[in-house]
Amino acid sequence: MAGQLSMAAAIVGAAEANEIGFLEEPVTALQLHIEAIRNLSIQTGVPIAKIEGVFSTGWSSELCEHLGIKPKYIDTTAVGGCSFEMHVHHAMAAIHAGIIDIALVSHGENGHSARKIGGGGAGNYGRGGGVASPAQEMTMAYGLGSAPSNYAHAMVRHMHRFGTTTEDFAHIAKVTRDWATLNPRAAMYSKKKHPFGGPITVEQVETSRLIAWPLTILHCCMVADHGGAVLVASPKVAAGLNTKPVWIAGAGESMGHSNMLEMDDFTATSAGISSTAAYTMAGLGPDDMEMAQLYDSFTITAAITAEMLGLAPRGEGHLLWKNGHAAPGGRLPINTNGGGLSFNHSGMYGMPLLIEAYRQLSGTAEDGINGDKGKQTSARTCVVNGTGGSLSTTATLVLVADD
Amino acid sequence: MSYPFPIPTPGTHTRPFWEGAKLGKLMLPRCQDCNRVHWYPRFLCPVCHSNNLEWVQASGEGRIHTYAVQHLAFGPWAKEAPFVTAYIDLNEGDRMLTVLRGVDPNKPQDIKIGARVRVEFEAANDDMHIPFWRVVED
Ligand SMILES: [Zn+2]
């Protein structure tokens with residue numbers, strides 16, 4: 001396979017920030033990135049807007065936001081000084097695969113200035129302190145902190161634009177709990193397993209404790225412990241294994257913003273872009289999907305995502321749950337493990353999405369994990385969508401069962 | 001009583017905003033090539049990627065884009081809860097976050113998306129005056 005990648009891409013330009021060295025006027029790391037990128041654009045004649053893939057050590061979503069880039073490929077590999085060589089390698093693979101044509105690899109680090117002003121920038125993992133990113137600087141004064149404090153604004157905007165109600169979204173929590181009661185591994189499987197476990201009603205969702213109006217606590221995912229892993233292999237390797245393969249028919253990724261301040265449309269995420277890429281790669285569409293595993297950090301996240309994936313028209317995502325289509329026995333089962341709302345959510349829920357999709361499509365949901373069986377559906381195709389940040393980043397997979 | 005809430009540290013390129021705030025002026029970055037105002041302050045115009053940016057005094061008026069009521073907050077904001085946060089569509093374009101004033105957090109349905117708001121500044125200390133937005137009569 002290695003031979004295939006050879007000469008699949010080239011480095012076509014290289015530039016630096018305006019001033020480098022021991023700068024008298026301190027600069028932030030973000031500033032160094034941006035200057036170098038602008039100079040690279042001037043040098044190559046490639047407009048910044050034409051950049052499709054962004055590779056950096058943890059900075060990629062902030063760089064994209066700062067520059068207004070809606071990328072098709074994001075890489076934030078940060079393993080030390082050799083990361084940038086890896087970025088080139090990853091970019092070449094992405095280009096060879098036909099996902100992108102133009103990749104930016106960017107670096108900015110204010111090792112000298114940081115002694116005076118700190119790192120500067122949200123992407124500056126590991127340095128911390130000092131001057132914030134400009135987005136942080138202009139939002140930190142206003143008391144937002146937890147995820148629900150941000151996501152609540154999206155639900156209010158959705159209600160304003162589409163006439164939806166808190167009750168509409170409450171059905172998502174109720175139906176997702178119904179799935180959890182079929183999955184003994186779910187944290188909210190039963191009252192015996194958790195004092196607040198077992199079936200819930202729409203009214204209970206509506207009247208539970210307010211976290212960030214209009215989000216009550218039952219509109220919010222839990223914060224629990226979870227560990228998981230999946231193995232990805234070539235068709236040749238897969239053919240020699242005893243486990244059933246679930247084929248990755250399509251994949252796509254993008255991001256809309258890093259800070260919610262930059263969310264253009266509070267009722268839309270970049271899952272529209274990432275799912276279009278995934279469906280196109282797969283040669284399949286939303287109507288071909290027989291199941292969905294959707295990141296449900298909050299009920300509003302699941303509703304918007306269903307709309308972005310084309311599983312429902314804009315403003316009508318909640319109807320999949322309210323009308324029973326997403327429920328056990330429905331035509332489009334969604335979050336069959338009980339979701340982040342009622343199965344498990346440890347902070348980043350992407351892995352449980354993959355595990356449940358694999359179990360359903362490999363027909364092993366009832367085999368049990370650690371002795372606990374799940375509820376098997378008959379779906380042969382599944383769209384999986386992860387959402388990160390504050391409705392910021394998305395990645396979509398289209399998975400199909402083995403014939 | 002001293003200002004209890006987090007106070008931003010000015011960045012390397014946002015001084016004009018905070019200098020304006022001290023004088024009760026809302027200063028916004030504008031691109032001299034495409035004339036678009038943007039918020040938050042960039043090193044390059046996020047629309048056309050020009051670095052030919054300037055600061056202009058804004059009207060200090062806008063409208064509510066969306067809002068939420070924070071019942072669970074952290075740090076110094078915890079004992080303020082419930083309070084209303086909102087994203088403001090600026091008359092000049094783009095959007096700002098604020099803690100909204102002149103509204104009742106216990107009657108969220110009475111707050112109207114699209115309602116007119118005006119900026120005001122609160123002195124957190126001698127250098128830093130923080131902008132907040134208040135609902136005004138239409
Ligand atoms: Zn411009």
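These legends describe close-up views of a predicted model. In this predicted model, local features need pLDDT of at least 70 and side-chain atom pairs count only at pLDDT 80 or more, while totals for chains, interfaces and linings use all residues; side-chain values use heavy atoms, with hydrogens and water left out. Residues are numbered from 1 along each chain as its sequence is written, and chains are lettered from A and ligands numbered from 1 in the order in which they are written.

**View 1. The zinc site of chain B.** Cys31(B), Cys34(B), Cys45(B) and Cys48(B) coordinate the zinc ion through their SG atoms at 2.3 Å. Donors are N, O and S atoms within 2.8 Å of the metal (3.2 Å for Na, K and Ca); water is not among the atoms, so sites may look incomplete. The site is tetrahedral, with angles of 102 to 116 degrees among the four donor atoms. Four donors count as tetrahedral if all angles lie between 85 and 135 degrees. The ideal angle for four tetrahedral donors is 109.5 degrees. Along the chain, the donors follow the spacing C-x2-C-x10-C-x2-C. Cys34(B) and Cys45(B), eleven residues apart, both lie in the loop between strand E1 (27-31) and strand E2 (53-57) of chain B. Helices (H or I, at least four residues) and strands (E, at least two) are DSSP runs, numbered from the N terminus.

**View 2. Helices H2 and H3 of chain A.** The axes of H2(A) (residues 29-44) and H3(A) (residues 60-67) come within 11 Å and cross at roughly 60 degrees. Axes are lines fitted to C-alpha atoms, for helices over the stretch in contact, and angles run from 0 to 180 degrees between N-to-C directions. The two helices are therefore oblique to each other. Angles under 35 degrees count as roughly parallel, over 145 as roughly antiparallel, 65 to 115 as roughly perpendicular and the rest as oblique. H2(A) passes H3(A) in a right-handed crossing. A crossing is left-handed if the near helix is turned anticlockwise from the far one by less than a right angle, and right-handed if clockwise. Leu30(A), His33(A), Ile34(A) and Ile37(A) of H2(A) make the contact with Glu62(A), Leu63(A), His66(A) and Leu67(A) of H3(A). Contact means heavy atoms within 4.5 Å.

**View 3. Helix H12 of chain A against H7.** H7(A) (residues 147-162) and H12(A) (residues 299-308) have axes that come within 9 Å and cross at roughly 55 degrees. That makes H7(A) oblique to H12(A). Their crossing is left-handed. From H7(A), Tyr151(A), Ala154(A), Met155(A) and His158(A) meet Thr299(A), Ile300(A), Thr301(A), Ile304(A) and Glu307(A) in H12(A).

**View 4. Helix H12 of chain A against H8.** H8(A) (residues 166-180) packs on H12(A) at an angle of about 100 degrees, with the axes 9 Å apart. The pair is therefore roughly perpendicular. Phe169(A), Ile172(A) and Ala173(A) of H8(A) touch Thr299(A), Ile300(A), Ala302(A) and Ala303(A) of H12(A).

**View 5. Backbone features in loops.** Most residues other than glycine have a negative phi, and most peptide bonds are trans. A cis peptide bond joins Trp213(A) and Pro214(A), with omega about 10 degrees. Pro214(A) sits in the loop between strand E4 (210-213) and strand E5 (215-216) of chain A. The bond from Ala81(B) to Pro82(B) is also cis, with omega near -5 degrees. Pro82(B) lies in the loop between strand E3 (61-70) and strand E4 (83-90) of chain B. Asn335(A), a residue other than glycine, has a positive phi near 55 degrees. Asn335(A) is in the loop between helix H13 (319-322) and helix H14 (339-343) of chain A.

Definitions and conventions
Tetrahedral: all angles 85-135°; square planar, octahedral: opposite > 155°, others 65-115°.
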